[in-house]
Amino acid sequence: MEYGLQKLVEEKVFKDPVHRYIHVRDQVIWDLVNSREFQRLRRIKQLGTSYLVFHGAEHSRFNHSLGVYEIIRRISDDIFHGRPEWDESERLVVLCAALLHDLGHGPFSHSFEKVFDVDHEDFTRQILMGDTEVNGILTKVAPDFPQKVADVIAKSYPNKQVVSLISSQIDADRMDYLQRDAYYTGVSYGHFDMERILRVMRPLGDQVVIKSSGMHAVEDYIMSRYQMYWQVYFHPVARSAEVILRKILQRAKELSDTGYEFAQPPTHFTRFFDRTFTLRDYLALDEGVLMTYFQLWTTERDPVLSDLSDRFVNRRLFQYIDFDPGRDYRKLGDLADLFRKAGIDPDYYLIDDSTSDLPYDFYRPGEEEERLPIHLLMPSGEIKELSRQSQIVDAISGKRRTDYKLYFPAELLIDGKKKAIKQQIIEMLREGGV
Amino acid sequence: MLQEHAKIVDFIAAAEGVTGRKKLQKMVYILKKLGEPFQEKYEFHIYGPYSEELTARIEELCDMGFMTEAKEDKGSYMQYKYAVTAEGLEFRAALGQQGFDPAQVAELNSRSSRFLELTATLLYFEQLPREEQVEKVHIVKGKLNFTEAEISEAFDFIGQLRDARLQ
């Protein structure tokens with residue numbers, strides 16, 4: 001029997017707190033789960049630094065990837081099965097793409113990518129197409145199968161229904177992470193009736209639409225998404241940890257660029273510093289490796305690197321205030337000058353952060369063809385964009401509340417050194433002068 | 001600090017305003033692919049390379065009063081026009097930004113959003129051999145029915161932009 005059609009003698013079942021059970025019957029899926037590159041996802045947290053705020057948020061990209069796979073399995077095997085608009089031959093490619101869609105994420109992805117100017121989607125493609133166990137498994141299905149899976153994940157696959165299931169404004173990825181992140185953070189937001197949404201999804205033309213009778217379930221999903229963004233993903237304390245993490249990596253890079261001799265040579269980072277890294281170097285990194293370096297760097301000679309590392313490891317995070325850059329950007333420069341006079345490097349200790357720096361987005365109704373919106377299938381057969389039918393969605397879609405914070409180490413301002421200048425800084429911060 | 005915001009203001013100022021969200025997205029993407037150090041992350045979406053970060057940053061700049069967004073009802077869709085305010089120009093000057101070649105930005109701005117969508121999509125697949133790039137365009141943009149002449153013009157345009165940057 002063809003490898004792509006082989007089934008396990010006995011179904012494998014993973015216990016899962018979100019979907020209860022995750023079912024695997026396909027030999028290909030089982031082999032992919034057991035591959036080296038997929039197992040690495042166990043060592044990369046789904047929510048990065050959020051565990052420093054929500055202590056339960058230690059779940060990994062491994063859990064999430066299995067969850068996305070399970071949602072897609074249910075859609076393809078139950079909901080879409082037998083529907084003339086759905087091409088059954090796409091089953092395996094969409095299952096593999098669901099399972100592997102986050103394969104290229106690295107440790108603390110968002111900060112790592114910003115500092116080292118890399119893109120996890122490039123690494124996903126490299127893992128799928130390169131000399132890896134995953135590529136070997138996919139190639140056994142068919143020589144062009146790795147490319148097909150890569151195209152689905154890159155959203156350039158010819159069948160847009162398949163792409164929409166994995167990546168759209170109501171896709172399996174979001175449906176899993178909202179519920180999973182809500183479960184592990186312990187917040188009461190993020191819950192919605194996924195069963196209902198799945199039952200009203202329909203393949204139609206080059207997209208997946210929602211029967212209008214399911215509009216209220218989708219409203220609930222959009223509200224969950226909105227609330228999770230503000231309550232969890234944009235949490236100002238988690239952003240403080242992210243700011244420090246980014247600054248640690250920047251400092252290590254800067255020290256390396258200037259020939260600093262590390263007491264603990266940053267072997268795993270060296271080729272990222274000089275941009276000669278390979279896929280193998282990238283796959284050798286995980287959050288355990290990074291945390292080990294941060295722990296070692298707490299005793300580095302460089303005071304900035306050791307202090308920032310200590311802050312991250314021991315959760316001595318920066319304090320923050322709201323600020324309005326439109327009004328106060330000039331004062332920000334004055335404040336930076338005062339920091340310098342106080343002997344505190346503003347490049348590392350006075351950091352502005354806005355929500356546009358974060359990798360999460362709100363529902364957008366797709367004006368001017370920016371992004372494909374959620375479409376409702378009306379009883380008449382017409383297709384209508386969700387926010388034009390739902391007042392609730394209209395009220396929140398595309399109306400993003402921006403949020404700016406200024407982060408700084410509060411305790412350094414009251415350590416008794418250079419008192420007069422620090423008092424000036426404190427007054428500026430208190431007055432909301434920035 | 002706020003340098004990324006200032007860079008966007010600088011770009012819109014150099015363009016003397018941009019009409020159309022899609023056009024704005026594709027212009028920034030093309031410049032980024034040509035080497036401008038825009039930090040906004042792009043992903044491929046149904047209409048080509050798209051950056052949610054750029055959309056959010058533009059919203060923030062409007063919110064800060066450095067840019068204006070004017071809406072025009074085109075019947076079946078809304079069109080958006082972006083321009084830099086006097087405060088935005090001051091912001092740009094204060095942050096020491098003024099790095100774009102106005103002629104190159106004007107050249108991009110003079111092109112239609114359809115043409116820029118084609119150019120951006122070709123650039124997105126530039127790691128592929130030319131024939132495969134074209135094949136990809138036909139697959140992902142099948143409905144737009146780009147002609148061989150348009151595709152050829154887009155390749156020439158990319159070449160001209162690259163040559164201009166080398167001079």
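**Exercise 1. Determine how the span of helix H6 of chain B compares with the expected span, and how far the helix is buried.**

Solution. In this predicted model, helix H6 of chain B covers residues 113–124, which makes 12 residues. From its first C-alpha to its last the helix reaches 16 Å, close to the 16 Å expected at 1.5 Å a residue. For the second part, one applies the cut-off for burial, namely 20 or more other C-beta atoms within 10 Å of a residue's own. Of the 12 residues of H6(B), 10 are buried, so the helix is largely enclosed by the rest of the structure. Among them are B:Leu116, B:Leu118, B:Leu122, B:Leu123 and B:Tyr124, and the buried set also includes B:Glu117.

**Exercise 2. Work out the strand order of the open three-stranded sheet in chain A, and explain why its edge strands each have one side without a neighbour.**

Solution. The order is E5-E9-E6 in chain A, with antiparallel pairing. Strand E5 (319–322) and strand E6 (351–354) of chain A stand at the edges, and because each has a single partner strand, one side of each is left without a neighbour in the sheet. On average, neighbouring strands of this sheet are turned by 30 degrees against each other, direction ignored. Going through the pairs in turn, E5(A) joins E9(A) in the antiparallel sense over four bridges, and A:Ile321 stands opposite A:Leu406 of E9(A). E6(A) likewise pairs with strand E9 (residues 404–408) of chain A in the antiparallel sense over four bridges, where A:Tyr407 in E9(A) is the bridge partner of A:Ile351.

**Exercise 3. Decide whether the faces of strand E9 of chain A are covered or open.**

Solution. The general rule comes at the start: in a regular strand the side chains alternate between the two faces of the sheet. In E9(A), A:Tyr404, A:Leu406 and A:Phe408 lie on one side, while A:Lys405 and A:Tyr407 lie on the other. These residues are all buried, and both faces are therefore covered. With five of its five residues buried, E9(A) is largely enclosed by the rest of the structure.

**Exercise 4. Classify A:Ser188 as buried or exposed, and locate it in chain A.**

Solution. A:Ser188 is found in the loop between helix H10 (172–185) and helix H11 (194–200) of chain A. The residue has 9 other C-beta atoms within 10 Å, and the limit for an exposed residue is 12 or fewer, so A:Ser188 is exposed.

**Exercise 5. Describe the contact between chains A and B, and say which element of chain B gives the most.**

Solution. The contact takes 31 residues from chain B and 23 residues from chain A. The elements of chain B that give two or more residues to this side include helix H2 (21–33), helix H3 (52–64) and helix H4 (86–94), and H3(B) gives the most, with nine residues. By class, this side of chain B has 16 nonpolar, five polar and 10 charged residues. On confidence, the model scores ipTM 0.84 and pTM 0.92, while the mean pLDDT of chain B is 90, with 98% of its residues reaching 70 or more.

Conventions
Residues are numbered from 1 along each chain as its sequence is written. Chains are lettered from A and ligands numbered from 1 in the order in which they are written. This is a predicted model: local features need pLDDT of at least 70, side-chain atom pairs count only at pLDDT 80 or more; totals for chains, interfaces and linings use all residues. Two residues are in contact if their C-beta atoms, placed from the backbone, lie within 7 Å. Ala, Val, Leu, Ile, Met, Phe, Trp, Tyr, Cys and Pro count as nonpolar, Asp, Glu, Lys and Arg as charged, and the others, Gly among them, as polar. pLDDT is the predictor's confidence in each residue, from 0 to 100. Two strands pair if DSSP finds at least two bridges between them. Axes are lines fitted to C-alpha atoms, for helices over the stretch in contact, and angles run from 0 to 180 degrees between N-to-C directions. The expected span of a helix is 1.5 Å times one less than its number of residues.
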